[in-house]
Amino acid sequence: MSSEKTTELPLWVQDRDIVIAHDEEVQWREGKRPDYSYTNEFLHQESKFQHPEGSLEAIAQNLVRTFEMEASNKSNPQQWLSIVTDKFRMSSNGGQQFTAQEVAEEGTYNLFLGESEQYSSETETFESSFQLFHKAFRHGFLWEVTEVLSGPPNVTFKWRHWGTFNGSYKDYAPTGEIVEIVGVSIARVTDDLKIELLEHYFDNNVFLEKLTAGGCPFHSQNQNSD
């Protein structure tokens, strides 16, 4: 039975599976609701924090997980419950602010990672970037809040993003190691806890360096076959 505390909270700050179950007539990218049952197993096993239901930590965590689910799976940002669509802006490391429509078209990986030797957002599409990291992290690239530093309207929180590198990244061999990013975010929210502004601060260089630490097996095999 659900607690009264849970039912009193807005839908978008409850567990993302509850959000998915209650979404009607949504334009899903794959034509059906996403299924997180497989990655949830690893999320429950590997999370370092079990935030009490209804706590500020749990609310912030659920809100961002809902946003990420919607950005990844709902093609129409007007149907995203977690944000104020027309006002929403997102940035990383003090860079350009992106609208909800831009997030929907480009994908969070492209907007966060930009251009480097290990990754090129100019050559990756929303779909290809999703497949690239889905293949690298077969158990999911998981996320949790570690600490909330301040409450609404400017919710400031620390987080960790991690996954086991057990699948190839481009031509780079998997190392089997856990790849982790830690960062700080600020979410400016409305009275009903919808996001208007989302700022992320993290070092993505370490992340990409770990994904390219396993060498290029396909390149090596091609050389050996010559």
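## Basis of the model

Residues are numbered from 1 along each chain as its sequence is written, and side-chain values use heavy atoms, with hydrogens and water left out. In this predicted model, local features need pLDDT of at least 70 and side-chain atom pairs count only at pLDDT 80 or more, while totals for chains, interfaces and linings use all residues.

## The largest pocket

The largest pocket holds about 1,300 Å³ of space. It is lined by 46 residues, and those closest to its centre are Tyr36, Glu68, Ser72, Tyr109 and Phe130. On a 1 Å grid over the protein atoms alone, a pocket is an open set of points where a 1.4 Å probe fits, with protein on both sides within 12 Å along at least five of seven lines; lining residues have an atom within 4 Å of a point. The volume is the space filled by probe spheres set on the points, which are joined across faces, edges and corners.

The lining comprises 23 nonpolar, 13 polar and 10 charged residues. In this scheme Ala, Val, Leu, Ile, Met, Phe, Trp, Tyr, Cys and Pro count as nonpolar, Asp, Glu, Lys and Arg as charged, and the others, Gly among them, as polar.

## Salt bridges

The whole structure contains 8 salt bridges (a side-chain nitrogen of Lys or Arg within 4 Å of a carboxyl oxygen of Asp or Glu). Arginine 160 takes part in a salt bridge with glutamate 144, at 2.8 Å from N to O. This pair links distant parts of the chain, since arginine 160 belongs to strand β3 (residues 154-164) and glutamate 144 to strand β2 (residues 142-150), 16 residues apart. Strands (E, at least two residues) and helices (H or I, at least four) are DSSP runs, numbered from the N terminus. Arginine 160 also forms a salt bridge with glutamate 180, again with 2.8 Å between the closest N and O atoms. Glutamate 180 is in strand β4 (residues 178-189), 20 residues from arginine 160.

Arginine 160 and glutamate 144 are both buried (under 20% relative accessible area; exposed is over 50% and partly exposed in between, with a 1.4 Å probe and protein chains only). Arginine 160 has a relative accessibility of 6%, whereas glutamate 180 is partly exposed at 28%. In another salt bridge, arginine 188 meets glutamate 196 at 3.6 Å, N to O. Here arginine 188 is partly exposed at 36%, and glutamate 196 is buried at 15%. Asp23, Glu70 and Lys74 are linked in a network of salt bridges.

## Aromatic contacts

There are 15 aromatic pairs in the whole structure (rings of Phe, Tyr and Trp, its six-membered ring, with centres within 6.5 Å; planes under 30 degrees apart are stacked, over 60 edge-to-face and the rest tilted). One of them is the tilted pair of phenylalanine 137 and phenylalanine 165, with 6.4 Å between centres and 50 degrees between planes. Phenylalanine 137 lies in the loop between α7 (126-136) and β2, and phenylalanine 165 in the loop between β3 and β4. Phenylalanine 137 is buried at 1% relative accessibility, as is phenylalanine 165 at 0%. Both belong to a cluster linked by ring pairs, which also includes Tyr109, Tyr119 and Phe207.

Charges also sit over rings (NZ of Lys or CZ of Arg within 6 Å of the ring centre and within 35 degrees of the ring normal). Arginine 16 lies over tyrosine 36, 3.8 Å from the ring centre, and lysine 194 over tryptophan 12, at 4.0 Å.
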